[in-house]
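Subject: A structure for you to look at

Hi,

Here is the structure I promised to pass on.

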Amino acid sequence: VPPLPQDHLLNPGFENGLHDWHELYGAPALLISQPHSGTYSAGKAVTGVGAQDYWSQIYQELGCQPAQQVTASVWVDPSFPSGAQGKGGLIIEFLNASGQVIGTPATVDVGGNGSWTQLSLANQVAPAGTAQVRVSGFLYAPMGDVASVNYGVLYDDFQVTVQ
């Protein structure tokens with residue numbers, strides 16, 4: 001009997017380190033003691049913008065069926081210098097049973113050098129063929145944006161509902 005799909009976020013505030021979070025593309029996240037709440041947050045930094053855009057994700061995948069609605073939020077703290085085009089954000093991607101992205105991902109992002117900001121995506125409807133939803137914090141910088149290198153974003157206090 002295969003295990004049941006994960007039905008809720010594990011370690012949403014990184015209080016147990018980076019356990020239960022997975023990486024996709026780019027450099028791995030670091031555990032940072034600069035939280036929105038609690039003791040820790042996760043941080044990602046742009047490591048290079050050579051011949052292509054920089055993209056990296058930290059994520060969890062939850063079970064999801066077609067027509068279910070997904071709402072997610074995360075607190076982010078960007079640290080990009082003036083003139084940098086890097087952004088951090090939240091992305092919801094629906095996956096089929098083979099783990100392939102289906103439909104159009106929903107994203108929201110923030111750049112600059114600000115303070116903790118809550119980003120939210122509400123009522124994203126799972127398309128036909130959905131088996132899981134991937135909820136990620138992402139980091140992006142366009143090709144050639146050297147001002148973003150070594151800067152990035154902190155993530156904390158993810159929330160997700162699937163209904």
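Val162 has a relative accessible area of 27%, so it lands in the partly exposed group. Also keep in mind that this is a predicted model.

You'll find Val162 in strand 10. If you skip the neighbours within four places in sequence, Val162 is in contact with Leu62, Gly63, Cys64, Gln68, Gln69, Val70 and Val133. Now look for Asp145: Val162 and Asp145 are 17 residues apart along the chain, and their C-alpha atoms are separated by 36 Å.

In soluble globular proteins, nonpolar side chains tend to be buried together. Here the largest nonpolar core has 34 residues, and the ones that touch the most other members are Phe94, Val133, Tyr155 and Phe158. Which strands supply at least two residues each of this core? They are strand 4 (54-63), strand 5, strand 6 (87-95), strand 7 (101-111), strand 8 (117-125), strand 9 (132-141) and strand 10.

Strand 6 is also where Glu93 sits. Is Glu93 buried or exposed? Its relative accessibility is 7%, so Glu93 counts as buried. The side chain of Glu93 has a polar partner, the side chain of Gln57, at 3.1 Å. Gln57 also turns up in the list of contacts of Glu93 beyond four places in sequence, together with Val101, Pro105, Gln132, Val133, Arg134 and Ser136.

Now for the empty space. Rolling a probe the size of a water molecule over the atoms shows where empty space is left. The largest pocket here has a volume of about 180 Å³. It is lined by 15 residues, and Gly43, Lys44, Ala45, Val153 and Leu154 are the closest to its centre. Sorted by type, the lining has 8 nonpolar, 5 polar and 2 charged residues. Strand 2 (30-32), strand 3 (41-45) and strand 10 (152-162) each supply at least two residues of that lining.

Lys44 deserves a click of its own. Lys44 is in strand 3, and with a relative accessibility of 4% it counts as buried. What does the side chain of Lys44 make a polar contact with? The partner is the side chain of Glu23, at 2.5 Å.

Then go to Trp75, in strand 5 (residues 69-78). Trp75 has a relative accessibility of 23%, so it counts as partly exposed. From Trp75 to Gly89 is 14 residues in sequence and 9.1 Å in space, C-alpha to C-alpha.

Ser148 is in the loop between strand 9 and strand 10. Although Ser148 and Thr47 are 101 residues apart along the chain, their C-alpha atoms are separated by 8.7 Å. Gln100, in the loop between strand 6 and strand 7, is 53 residues from Thr47 in sequence and 26 Å from it in space, C-alpha to C-alpha.

With neighbours within four places in sequence set aside, Ser148 is in contact with Val46, Phe80, Ala84, Gln85, Gly86 and Ala141. Gln100, on that basis, is in contact with Phe94 and Leu95.

Last stop: backbone angles. Asn11 is in the segment before strand 1 (22-24), and Phe14 is found in the segment before strand 1 as well. Phi is near 55 degrees for Asn11, a positive value in a residue other than glycine. For Phe14, phi is near 65 degrees, again positive in a residue other than glycine. Asn11 is buried, with a relative accessible area of 10%, and Phe14 counts as buried at 0% relative accessibility.

Key
Residues numbered from 1 in each chain as written. Predicted model: local features only at pLDDT ≥ 70, side-chain atom pairs only at ≥ 80, totals over all residues. Heavy atoms only, no water. 1 Å grid on protein atoms, 1.4 Å probe; cavity = no way out; pocket = protein on both sides within 12 Å on 5 of 7 lines; lining within 4 Å. Points joined across faces, edges and corners; volume = space filled by probe spheres on them. Helix = DSSP H or I, 4+ residues; strand = E, 2+ residues; numbered from the N terminus. Nonpolar A, V, L, I, M, F, W, Y, C, P; charged D, E, K, R; others polar. Buried < 20%, exposed > 50% of the residue type's maximum accessible area, 1.4 Å probe, protein only. Polar contact = N/O pair within 3.5 Å; in protein donor to acceptor, adjacent residues only side chain to side chain. Core = buried A, V, L, I, M, F, W, Y, C linked by side-chain atoms within 4.5 Å. Contact = heavy atoms within 4.5 Å.
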